[in-house]
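Thanks for coming. I will go through one structure today, starting at the contact between its chains and then moving to some local details.

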2 protein chains.
Amino acid sequence: MSQELGITVKKDQDPSEWYTQVVKKAGLASYAPVKGCMIIKPYGMKLWESIKEEFNSKIEETGVENAYFPLFIPESYLEKEEDIVEGFDPEVAWVTHGGDKELEERIAVRPTSESIIAPYMSDEIRSHRDLPLRLNQWANVVRWEATDTRPFLRTREFLWQEGHTAHATEEEADEETMLRLDQYQEVIEEHLAIPSILGYKPEHDKFPGAKYTTTIETLMPDGRSIQSGTSHQLGQNFAEAFDITFEDENGDKKTCWNTSWGLSTRTIGALIMAHGDDDGLRLPPSIAPKQVVVVPIYQEDNQEEVMEYAEGVAEDLKDEGFRVEFDGREHRTPGYKFNEWELKGVPLRLEIGPNEMEDRTVTAVRRDNGDSEEVHRDSVRDKSRELLDGIQDSLYKELEDYLEENIREAGSKNEILATIGKSRGYVKTKWCGKESCEEEVKDEVAAEIVVLPFREDSKPATIQGSEEEIEGECAICGEEAERWAYFAKNY
Amino acid sequence: MSQELGITVKKDQDPSEWYTQVVKKAGLASYAPVKGCMIIKPYGMKLWESIKEEFNSKIEETGVENAYFPLFIPESYLEKEEDIVEGFDPEVAWVTHGGDKELEERIAVRPTSESIIAPYMSDEIRSHRDLPLRLNQWANVVRWEATDTRPFLRTREFLWQEGHTAHATEEEADEETMLRLDQYQEVIEEHLAIPSILGYKPEHDKFPGAKYTTTIETLMPDGRSIQSGTSHQLGQNFAEAFDITFEDENGDKKTCWNTSWGLSTRTIGALIMAHGDDDGLRLPPSIAPKQVVVVPIYQEDNQEEVMEYAEGVAEDLKDEGFRVEFDGREHRTPGYKFNEWELKGVPLRLEIGPNEMEDRTVTAVRRDNGDSEEVHRDSVRDKSRELLDGIQDSLYKELEDYLEENIREAGSKNEILATIGKSRGYVKTKWCGKESCEEEVKDEVAAEIVVLPFREDSKPATIQGSEEEIEGECAICGEEAERWAYFAKNY
């Protein structure tokens, strides 16, 4: 493979450089002139559109309507909820001029939209009949991150969906928070084939102004955890700050409960990291823009027949509903094409040369493990379906095993530090709930509590099953433990 | 109808207030705290999503790929193409601070993205094999309009698609420009049921830096024209400013030709204005979020049976693929429901009371003309299809007749002025091509040349058919005429 086309480092040896090369060479994103911003190229955009379609259909089926709220939020609105100001002020991009006129009040480019959706809800909601109110928008947001920006994983502008709901009771808001987290899990586990851990963020790390924040964490092969989506029970802070009230069945005025929840283009970063290998991307068939690539291999004297036979196979698969690329480019060798489609992570490659033509077969090669087999022409459709299903499953299974192996228990501060020092993944420990105990660890290693799992055995991540009481002492201070906490290095 | 729910002015008497009330009361949009920005409410968003889906499938079928480019453009990039600077500088929103730090270079919130897509194209294009390059993004843009902002029609932030392409030859760029204009016409005429006129913008009114700009104009009932989409042949200006070049088949370095084309949420403004009546919206079935509303009318003693019968009808229509609302709300009277769904422009209403139930019929009421008829239960599906098709056609036909009646020829400046003064619509006249002649008219009435039609009889708007040579003199200066020009008041 030419140096230009292929990935020149091993994923395991230099994950950071590997990531940068895959993003660039697989055609996912480019750097933009403003530092920390990215251009999402068509191949990357198809991944986002697929995630969007998947999640959007889930929320539409469960009562959410899409709307669009302004990019611009007046500073005075951001200031109405004091936690929001403190939480986001340091990373707001400020518009100060419109044309050549200085604005009377500076305007924030939205870092998130609670501050502008809350007053809208206040206007819209009059009666209990207006509840629940469930809105979502697919939009761009801006957070002026100072350092360590990387395409998809951490960018100053990113695309996301942000859902915002209002409810009559605390219980309904709790349910909503969990329902959306559950839907994130469906997308990430079933569509992206990445196992996950669900739980709370520690109190001091929750969304500014929220009652509590839930997170879906996924473990990357470099041993770090990625927060792949968050769902917040906002309590009544925003409702009180922005007067979101309703008249209940008895005519009494009540204050609403809110939630908000977001999933961003960061998930594409997780997808790349989670499944990629030394040859580039490996895409789960469910999300792959092209699931099958058909590559004809011919000489001058049999070009026409081979092309015709191979195109027939491709058409057959298209008719069956597969997303198929027929790569008939004449100026590229088969070897070049194999490398390119491996780089782009296409799950299944069908090689078709004169031998296959004569035997009425195709050679099917799996991207995930490189296995190849002869498939008879008549069973290409069924076999492709079977192979693609198998690839989706085994990509998930591979990571599930990896996750299982990389949750390690530690019973003391030293043990936590030692385990983080020598192993990848999560260190689970009993924790008293105090930030100071987490700080003690953070002061010594670049790891923090990334999730308080709903259950101890949250590996086959699920929000089903009640949360467990735990007994014992905090591994750090020795006081009574409140719950299990997972320490990890993170993105 | 209660004052709060219904429209309180006649469309014909006060179109501006009528428009504002429809936008608000039909639940399409709300005002946002930053002047000139809008909140697109779910019902309005469904219209945009439908337009998006319709146009997106057309461009995907014709080789365009979606991507996403940054919201932020450094000032120095905007300055690289001098026409763009001059054209957009006065309406750029400027970001000057990130967090509490002042930026070294101020950053434009994109008013359009040529300046950031051109350098990307320069990086991506190496060989003739990389051409044509066709990209599109669905995005928000900001133009700091000073005055006269109105939801959808003119807002400081709006949603749009912007297509950007690069080609090897001028001819291909010409064809691309016309193809996209043609696709706009399909969306606007077939999906939105609005007849249109296609043509060029006058030289002095073209997109900054373009070789020429084409437009699709639609005539509103208040007699003003709305530019509903534009497609630009950009020539080689951007390619030269940003070095977009390629190596041709002979290994020679050549400069590309570019196009760009955009369709925005303004089309929703045109849709509202074009079809609405004194009772509110009238939506063409093709775009209507709900095509049929089923309203059960019952007393206490027959509620259960009527509801069951009516729900059966609604389910039947849903199964048939119609978008159906079953309005079983108990706290609203049938009259209230009729008014509300008329306001929201649902094309077909099925009223179902005890009589209909006994006779095994439904009463079908058309929103466009108020006609009602009894339909037998067994033919509800076929008849609904027939009625909806009829509504789509007659909404179009109504406006087609109106457009035809409101193109008037004028042979002198005085005649132009008099015609504009006393009539709605377009005044067509022979024109020499000089801006000064247009200025003479503009100085006296609030009208300008909105389109130079491809053909004189551009009423049944089409870009097929060659452009006609004309003979005669400019109606204003008497010099040799270059082509037909349409004067109109516009949005």
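**The interface and beyond**

I start with one pair: the side chains of Lys41(B) and Glu124(A) meet in a salt bridge, at 2.9 Å from N to O. By salt bridge I mean a side-chain nitrogen of Lys or Arg within 4 Å of a carboxyl oxygen of Asp or Glu. Between chain A and chain B the count is four salt bridges.

Before going on, the conventions. This is a predicted model, in which local features need pLDDT of at least 70 and side-chain atom pairs count only at pLDDT 80 or more, while totals for chains, interfaces and linings use all residues. Residues are numbered from 1 along each chain as its sequence is written, chains are lettered from A and ligands numbered from 1 in the order in which they are written, and side-chain values use heavy atoms, with hydrogens and water left out.

Back to the interface. There are 24 residue pairs in polar contact across chain A and chain B, with both residues at pLDDT 80 or more. A polar contact here is a pair of N or O atoms within 3.5 Å; within protein, one must be able to donate a hydrogen and the other to accept it, and residues adjacent in sequence count only if both atoms are side-chain atoms. Strands (E, at least two residues) and helices (H or I, at least four) are DSSP runs, numbered from the N terminus.

The area buried between the two chains is about 4,100 Å², and carbon and sulfur atoms give 65% of that. Buried area is the accessible area (1.4 Å probe) that two parts lose on being put together, summed over both.

Now the symmetry. Chain A superposes on chain B by a rotation of 180° with 0.0 Å of shift along its axis, at an RMSD of 0.0 Å. That is the relation of a two-fold axis. The superposition is by least squares on the C-alpha atoms of residues with pLDDT of at least 70 in both copies. Which residue of chain A comes closest to the rotation axis? That is Val95(A), with its C-alpha at 2.1 Å. Of the interface residues of chain A, 100% are also interface residues in chain B, so the copies meet through the same surface.

The β5 strands also meet each other. β5(A) and β5(B) pair in the antiparallel sense over five bridges, and two strands count as paired if DSSP finds at least two bridges between them. His97(A) stands opposite Trp94(B) in this pairing.

Within chain B, strand β9 (residues 197-200) has two partners to mention. With β10 (residues 212-219), β9(B) pairs in the antiparallel sense over four bridges, and Leu198(B) has Ile216(B) as its bridge partner. With β22 (residues 448-453), β9(B) pairs in the antiparallel sense over two bridges, and Gly199(B) stands opposite Pro453(B).

Next, backbone geometry. Most residues other than glycine have a negative phi, and most peptide bonds are trans. The peptide bond from Leu131(A) to Pro132(A) is cis, with omega near -10°, and Pro132(A) lies in the loop between α5 (114-124) and β7 (133-142) of chain A. In chain B, a cis peptide bond joins Leu131(B) and Pro132(B), with omega about -10°. Asp243(B) has a positive phi, near 60°, and is found in the loop between α7 (237-242) and β12 (245-247) of chain B.

Last, the salt bridges over all chains number 72.

Note on methods: Contact means heavy atoms within 4.5 Å.
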